[in-house]
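This report looks at how two protein chains meet. Please look over the sequence and the structure before reading on.

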Amino acid sequence: MSDMMNTQAKGGFDFDDDDPLGATSVSKKSLVIFFMIDTSASMKGKKMGELNTVMEELIPEIRRVGEADTDVKIAVLTFSTDVKWMYSAPVSIEEFEWTRLNASGVTSMGAAFSEISSRMSRNGFLNSPSLSFAPVIFLMTDGYPSDDYKKGLKELQSNSWYKFGLKAALGIGNEANDDMLAEFTGSPETVVHAYTGGQLAQMIKIVAVTASQIGSKSMTLSDEPTKELNAEDVFAAKQKLLGQQIQELVTQDDGSDVSFDTGW
Amino acid sequence: MVELKIGQQVDLEFGGKATVSDIIGSGGQGTVYQVDFNGMKWALKWYDIDKIRKPKDFRENIKNNIADGAPSKRFLWPKYLTKELPDGSFGYLMELKPDSFDSFVDILNTYKLVIDPFTGRASKKSVRFASLYAMVTAVINIVNAFRQLHRSGKSYQDLNDGGFFINVDTGAVLVCDCDNIAPEGSNFGIGGKPGYMAPEVVRGVAKPDVQTDKYSLAVVLFKLLFRGDPMEGEKVVRDVCLTESSELKHYGQNALFVYDPDDVSNRPVRGIHDNVIKFWRVYPDYIKEAFVRSFTVGISDPNKRIIENEWQELFIRLRSEIIMCSCGRTNFTSMFEKPTENIYKCPKCGMSFPTMSFSNSNSRVPLYLGRKFFECEINPDCDDFLNVIGELVENKLRPGVLGIKNCSEKTWRVKMPDGIFHDVISGKGCPIWKELEIDFGGVRAKI
């Protein structure tokens, strides 16, 4: 009350807060990148070692990708016998530190799908007060689910953040089933496969960097206009672009080092 | 895509080789490298040729732009083309951005990340305008750069926050990414960034041209002054998730200005759009009206968009209405008290400022120690908003007496306290008194 009188006494100017240079940062749009990582026993050894190393190296790269007008956050969900989050909430890319993962147990992928679905909500992990881009969800696995993944996937598919999100998956080694992974991503173009350590590192980088690049920006909706666009024309345009770009990048690499599943 | 490696040499079209020495950054169409050429450091923009729809036409256009030269010194313009590699890849050389310039994105964020070369650690460094004066000068510089570009018959096409560098101490501006600039009527397949693109381009019913540039320019100016998005308010935030279809809706089909006078449904939201709410109170009506026009009738009718010349006049006026009070308060006259028609008063310390009227303008400009007068204020045919022709100073022999010093080459006719008009030649001055009149030679000013 006294503040108000003070202001009025001085002619209605609230001169403590009218400096035209006293701006705060423009409100950024936020993007959460979910990594779903298989930590079952079969991942033990070289695969896990490779994965841990590449993830550590990847963080600074994504930091550069996330354009300055998007606030990029990372959430990591691991699944083996149990499902577990690396941190209790998504962490800003500027502060994110990778905690090295260990492998043991079975592949509860269905449970992981349900878990991620339950957190992908306004009251869960996507609680930024300002606008959000649809999340990026990147699944990495080397085997077939040991639980009823269809039930979990069905739950996830009814989540609208999932519907609009960018989905990509990486199958590692000969056991991983690309058809099953395409069920998760919605299209075979966004599924890649790594048979060797070199490929694993390369694929993780290609997919994660491309997905965060596309996810953290507004979509160029039309660059060759032929007719007025409607909502159907642009639906999942980013997901299609992700598929195209991943395929372009993947076909350029013909990794010729030794397969993961041989030479043990 | 052919990526260049450090140490790799690239042949230039007219002879010579540039050697890649560093990577500066990458964008939608390719990567920018630092290169050595003829003993100097340059920037090389190298295209990811798969992302260019008509590479031959695109290259031809850059070639023509190089031949035409930059519209003004405010452009980091293409200088030399490279030869094409067997797969058609190519690039061009331009001057490097000086270190004293910061990107528009960093200015909007109010900080930049600086990487320590030894530890690799990133730390935040503040990026803010040194003065209100520098900020408004930057706005005038941006508007003027686009005026010059459009006068040369070309359009920028994908104007967005990545297109400028600004010196926050002086307000100097450099326009970069000039490779999509094309003659009016041509288009090489660049779309732009929703939020900056004109609604008709977002909707897919028009291609970028001078008219759509005008819309994008209004967005850039709004963002620089109000530090928020002109179309992002309650209606947009309610969508929560910015999907492709919601971008089409909010920036294309149903774009609605946050301060549309006839529709309050998209007002800025406290807690998210605090900058816009705060600064909308601060700016004078004639500035707000120009934005309202740009983002209401200007959405559906490109011909109603504000032309660069009009923006330039508005912002030159705005700059002339800045008061720097000795108590430290710096603001526009709209935020000072006005006890009488000809006086402004500082609401913080009570200091009074007399005003002067100019025969070529309806507004009155405030007078205070350090105030500068520019060529464009006293010469109606002149565009020069940087050349100082007069300054308000304290008399060196008689402390406490304020006057206006003639910093121009011309002789002024001035009514002195004896009531008679005298000549004031370059380097001399006149005291400020209640019946002061100055004839600058065409434009007349009086207290």
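## Extent of the interface

How much area do chain A and chain B bury between them, and what percentage of it lies on carbon and sulfur atoms? In this predicted model, the two chains bury about 4900 Å² between them, with 55% of that area on carbon and sulfur atoms. The size of an interface is often expressed in this way, as the accessible area that is lost when the parts come together.

Counted by residues, the interface brings 52 residues of chain A into contact with 62 residues of chain B.

## Polar contacts and salt bridges

Between chain A and chain B there are 13 residue pairs in polar contact, counting pairs in which both residues have pLDDT 80 or more. The interface also holds 3 salt bridges according to the rule applied, and one of them joins Glu94(A) to Lys124(B), with the closest N and O atoms 4.0 Å apart.

## The side of chain A that touches chain B

The elements of chain A that give two or more residues to this side are strand E5 (132-133) and the helices H5 (160-164), H8 (231-234) and H9 (237-252). Of these, H9(A) provides the largest share, which amounts to 5 residues. By residue type, the side of chain A that touches chain B divides into 21 nonpolar, 15 polar and 16 charged residues.

## Strand pairing between the chains

E5(A) also pairs with strand E14 of chain B (residues 241-242), and the pairing runs in the parallel sense over 2 bridges. Within this pairing of strands, Phe133(A) stands opposite Leu242(B), a residue of E14(B).

Key. Residues numbered from 1 in each chain as written. Chains lettered and ligands numbered in written order. Predicted model: local features only at pLDDT ≥ 70, side-chain atom pairs only at ≥ 80, totals over all residues. Heavy atoms only, no water. Contact = heavy atoms within 4.5 Å. Buried area = accessible area lost by both parts, 1.4 Å probe. Salt bridge = Lys/Arg side-chain N within 4 Å of Asp/Glu carboxyl O. Polar contact = N/O pair within 3.5 Å; in protein donor to acceptor, adjacent residues only side chain to side chain. Helix = DSSP H or I, 4+ residues; strand = E, 2+ residues; numbered from the N terminus. Nonpolar A, V, L, I, M, F, W, Y, C, P; charged D, E, K, R; others polar. Pairing = 2+ DSSP bridges.
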